[in-house]
Amino acid sequence: MKTTEEIIEATKGYFCYGIEKEDVQIRIEEARKMPSGSFAVDFGTGQARTAIVMAMVNPGLTVYTFDIGRSDMTNEALAERVHVRCAEQGVVNLKYYLGDAKVIVKDWDKPLHLLNIDAEGDYERTLIEVEEWYPHVVSGGTIFMQSYNLNGKYPAIKEVVDKYLDDHLGQYKFGELYHNTKVIYKL
Ligand SMILES: C[S@@+](CC[C@H](N)C(=O)[O-])C[C@H]1O[C@@H](n2cnc3c(N)ncnc32)[C@H](O)[C@@H]1O
């Protein structure tokens, strides 16, 4: 099993704006702790770094990752990129789908130990992501909210998350901010 430093180094070429070492490190640390047979959801897939590091560190965790599709590449090229990167890292416990996380959630039926959200930045869409995905996280599970503090670029993310936790007192607890990643624990 690779160390945290080795995983960060091995995936540093999967560069995505706003995701730095600290963001990756906290996902590795939390994913390591999750029980065998548990599930994680990660969206959007993008460069697939967050999904891949969580899968790499815990073979007993199944990581589902979704992307709605990108303007800079075809859907086939995106799927191939994820496939190639999984092969590079020896990852077999990751399932990639093309799709909109706001649609996929409607039929989602697996309890989540990890939830990584890094998709939309506007108020309405973030609100749907939070209200519909957070309830799938089990007690003891962890949520990563990327871009919670991206130099004020997406203020709606912080606004939505802060209000949601305020409206659900006693159900969630804020963890630290790791670079742009706010950690939230389901109690
Ligand atoms: C910043 S990137 C994610 C980076 C990724 N976590 C990584 O490690 O490389 C954001 C991605 O979210 C995708 N996206 C945006 N809205 C989405 C949605 N509703 N459902 C799924 N993916 C979405 C975009 O296509 C884009 O690829």
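Start by selecting V130. V130 counts as buried because it has 21 C-beta neighbours inside 10 Å, and the cut-off for a buried residue is 20 or more other C-beta atoms within that distance. The model you are looking at is a predicted one. V130 sits in helix α6, which covers residues 123-133. Leaving out residues up to four places away in sequence, V130 touches V160, V161 and Y164.

**Stop 1: D122**

Go to D122, in the loop between β4 (112-117) and α6. Is D122 buried or exposed? D122 counts as exposed, because it has 11 C-beta neighbours inside 10 Å and the limit for exposed is 12 or fewer. D122 and Y154 are 32 residues apart in sequence, while their C-alpha atoms are 7.0 Å apart in space.

**Stop 2: helix α4**

Select residues 75-89, which form helix α4. This helix has 15 residues, and the distance from its first C-alpha to its last is 22 Å, close to the 21 Å expected at 1.5 Å a residue. Colour L78, V82, R85 and C86, the buried residues of α4. Looking down the axis of α4, you will find these buried residues within an arc of 100°, so they line one face of the helix. The face turned away from that buried side carries the exposed residues E76, A77, E80, V84 and A87.

What covers the buried residues of α4? The cover includes α3 (49-57), β2 (62-67) and β3 (94-98). Just after α4, select G90, which takes a positive phi of about 70°.

**Stop 3: L94**

L94 is found in strand β3. L94 is buried, with 24 other C-beta atoms within 10 Å. Not counting residues up to four places away in sequence, L94 touches A51, I52, A55, V63, T65 and C86. One of these contacts, C86, is among the buried residues of α4 seen at the previous stop. E80, on the exposed face of α4, is 14 residues from L94 in sequence and 14 Å from L94 in space, C-alpha to C-alpha.

**Stop 4**

Now select α3. Nine of its nine residues are buried: R49, T50, A51, I52, V53, M54, A55, M56 and V57. Next, show the largest nonpolar core, which has 47 residues. Which residues have the most contacts inside this core? They are A40 and M54. Helix α3 gives the core its largest share, seven residues.

Centre the view on A40. Its contacts, not counting residues up to four places away in sequence, are A31, M54, L61, V63, Y64, L112, H113 and L114. A31 belongs to the buried residues of α2, along with D23, V24, I26, R27, I28 and E30. Helix α2 itself runs over residues 21-33. At 1.5 Å a residue, its 13 residues should span 18 Å, and the 19 Å between its end C-alpha atoms agrees with this.

**Stop 4: the loop between β1 and α3**

Select G44, in the loop between β1 (39-43) and α3. The peptide bond leading from F43 to G44 is cis, with omega near -10°. A48 is found in the loop between β1 and α3 too. A48 has a positive phi of about 70°, although it is not a glycine. A48 is buried, with 28 other C-beta atoms within 10 Å.

**Stop 5**

**Last stop: H179**

Finish at H179, in the loop between β6 (172-178) and β7 (181-186). H179 has a positive phi of about 60° and is not a glycine. H179 is partly exposed, with 17 other C-beta atoms within 10 Å.

Methods:
Residues are numbered from 1 along each chain as its sequence is written. This is a predicted model: local features need pLDDT of at least 70, side-chain atom pairs count only at pLDDT 80 or more; totals for chains, interfaces and linings use all residues. Helices (H or I, at least four residues) and strands (E, at least two) are DSSP runs, numbered from the N terminus. The expected span of a helix is 1.5 Å times one less than its number of residues. The arc is that of the directions from the helix axis to the C-beta atoms. Two residues are in contact if their C-beta atoms, placed from the backbone, lie within 7 Å. A nonpolar core is a set of buried Ala, Val, Leu, Ile, Met, Phe, Trp, Tyr and Cys residues joined through C-beta atoms within 7 Å.
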